[in-house]
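Today I will go through the aromatic contacts in one model. Please have a look at it first.

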Amino acid sequence: MHLPKFAHVRVSSLEEAARLIAQSDGDRCLAAGGTELLPRLKYGLIRPQKLISLKGVAAKAPEAAADGSLRLDALMTLSEAAVSPLVRERAPILAAAAGAVGSNEIRNMATLGGNLCQDSRCLYYNQPHEFQFTAPCFKRGGDCCYFIPEGKKCWAVFMADTAPALICLKAEVEIIGPAGRRIMPLEALYGNDSLRPLALASGEILSRVLIPPRSGRSAQAFTKFSWRRGFEFSAVSVAAVLEMEQNCLTCAKARIAAGSVAAAPLRAVNAETVLAGGRLSDKTITAAADQAAADIRPLPHHGYSRAYLTECLRVQVRRVLHAAIRSFMQT
């Protein structure tokens, strides 16, 4: 497969990139690590006239603020996020999620911002279309869905592993655009719309990830299930953060988020309520996992049925909660 022809522009700042993107009519795109962009170009899913490269913008090292919060450059690679001592200390589930993405080669190129801002995926859409699926699907501007033929909308799934972890950490993102800078909760970045997965206006670029201070009694864990582990996108990924009471046995608050289940990462809010205020035991963890499986109806994707993914979600929630408690007891 060959890349289509395009003009290549190398910028020296995100502000310059935002101005160039805002001037376009959808005929320009950003390139950071390129691990998602290049396959989409080769498949002919996008055909930009101009590619704006961010390789000339140096990524800043992770910064710890005086209040204990963490500031991460969106251009840092996933490898850097996975091994950074600051990230491993203050946001260990982000380090685990970053380390679970792809292979070493992918993580060495892929950026944190690129992982958070990737497009939703579909087994039928993310492949060449020269000879099969000639009628365009919803994502290609048509009015059909090959995956669910009776469906009246696009059923593509958002599959970034780092997003559930950062949602559980209550992370915010800094956005740079033609109107300046703004900060929003990461959770609000995703609108659960397969055709427009990101709530970004034209010309806006994710520049930084802001993670609040970690509590001294925070139990965290991340888990990902896929047939070939990191070498493919996840069937289900789950992150959890538990804020423990002073007795270290009772859960004060919980946040549980799942990825690869819908057009956006989803919180298992009712499952969080099951855990909050109670002593953590096999019984309460099982009840929370059952509630998460009842709360979230995963979209079938990439050969996995809904029934399989629902049971997988139940197992992964139970597994991640036990892992969070084990890690907390060991600290």
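What follows covers ring pairs, and then charges over rings.

This is a predicted model, with local features needing pLDDT of at least 70 and side-chain atom pairs counting only at pLDDT 80 or more, while totals for chains, interfaces and linings use all residues. Residues are numbered from 1 along each chain as its sequence is written, and side-chain values use heavy atoms, with hydrogens and water left out.

Rings of Phe, Tyr and Trp (its six-membered ring) pair if their centres lie within 6.5 Å; planes under 30 degrees apart are stacked, over 60 edge-to-face, and the rest tilted. By this rule there are four aromatic pairs. Take Tyr124 and Phe147: the ring centres are 6.0 Å apart and the planes stand at 50 degrees, so this pair is tilted. Both residues lie in the loop between α7 (112-116) and α8 (162-168), so the pair ties together parts 23 residues apart in sequence. Helices here are DSSP runs of H or I, at least four residues, and strands are runs of E, at least two, numbered from the N terminus.

Next, Phe225 and Tyr308, with centres 6.4 Å apart and planes at 45 degrees, so tilted. Phe225 is in strand β9 (residues 218-225) and Tyr308 in helix α11 (residues 306-330), so the pair joins parts 83 residues apart in sequence. Ring pairs also link Phe225, Tyr304 and Tyr308 into a cluster.

Now the charges: NZ of Lys or CZ of Arg must be within 6 Å of the ring centre and within 35 degrees of the ring normal. Lys139 lies over the face of Tyr125, 5.2 Å from the ring centre. The charged end of Lys153 is over the ring of Trp155, at 4.8 Å from its centre.
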